[in-house]
Amino acid sequence: MPRLHDLCSRIQNGFRARLQTIAIPETKMNLAVVNILYKEGFLSSVTRGNHIGPDLTYTPTTNENVATRRLWLNLKYKANNPALSKLSLVSKPSKKVHFTVNELKNIANGRRAQFIKPLQPGEVVIVNTNRGVLEIQEAIEKNVGGEVMCRAL
């Protein structure tokens, strides 16, 4: 599994350094998490590219160029403040956190589940389910539980 803590730290450090764009390794997991952050309004755009910069024309990922492929993220700022203030990991490699649908509902409805605090207004939780990587509300709608990966505020 790609290391999600690397993705979280790169994005958070990019916002702290007030960068306009950052590059992260192109993996299926990173793409799924970044797409959720884009849909929720934390990022202004996501483009594919190589280690030098975003692609101007479509370039497929092959075995020869897989090591140089990157996802280029344009970070979003509102009134000179970062749109994303905190991106923290919930599941760690040493301790995976798996929740049922009822436990996900508890978190979304403002109640505690196990040792996880409830959602705050504007906060997003990303869950890895057997139907793919979903935002917590989508997972509840599809009635699936899974591994709670990270929270974004």
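The side chains of E123 and R151 meet in a salt bridge, with 2.7 Å from N to O; a salt bridge is here a side-chain nitrogen of Lys or Arg within 4 Å of a carboxyl oxygen of Asp or Glu. This is a predicted model, in which local features need pLDDT of at least 70 and side-chain atom pairs count only at pLDDT 80 or more, while totals for chains, interfaces and linings use all residues. Residues are numbered from 1 along each chain as its sequence is written, and side-chain values use heavy atoms, with hydrogens and water left out.

The E123–R151 pair links distant parts of the chain, 28 residues apart: E123 is in the loop between α3 (101–108) and β8 (124–129), and R151 is in strand β10. Helices (H or I, at least four residues) and strands (E, at least two) are DSSP runs, numbered from the N terminus. E123 is buried, with a relative accessible area of 13%, and R151 is buried at 11%. Buried means under 20% relative accessible area, exposed over 50%, and partly exposed in between, for a 1.4 Å probe and protein chains only.

### Further salt bridges

A search of the whole structure finds 6 salt bridges. Side chains of opposite charge can pair when their charged atoms come close.

| Pair | Closest N and O atoms |
|---|---|
| E26 and R48 | 2.9 Å |
| E147 and K96 | 4.0 Å |

The E147–K96 pair ties together parts that are 51 residues apart in sequence, because E147 lies in strand β10 (residues 146–152) and K96 in the loop between β6 (87–89) and β7 (98–99). E147 counts as buried at 8% relative accessibility, whereas K96 counts as partly exposed at 39%. Leaving aside its neighbours within four places in sequence, E147 is in contact (heavy atoms within 4.5 Å) with S91, K96, V97, H98, I126, V127 and N128.

The salt bridge between E26 and R48 also links distant parts of the chain: E26 is in the loop between β1 (21–25) and α2 (28–39), and R48 is in strand β2 (residues 43–50), 22 residues apart. R48 is partly exposed, with a relative accessible area of 27%. Both residues belong to a network of salt bridges that links E26, R48, D55 and R69.

### Helix α2

The 12 residues of α2 should span 16 Å at 1.5 Å a residue, and the end C-alpha atoms are 16 Å apart, which agrees. The expected span of a helix is 1.5 Å times one less than its number of residues. The buried residues of α2 are M29, N30, V33, V34, I36 and L37. They cover an arc of only 155° around the axis, so they lie on the same side of α2; the arc is that of the directions from the helix axis to the C-beta atoms. On the other side of α2, K28 and K39 are exposed. The helix is followed by G41, whose phi is positive, near 95°.

### An exposed loop residue

Y58 is placed in the loop between β2 and β3 (69–75). At 67% relative accessibility, Y58 counts as exposed. The C-alpha atoms of Y58 and M29 are separated by 21 Å, and the two residues are 29 residues apart along the chain. M29 itself is one of the buried residues of α2.
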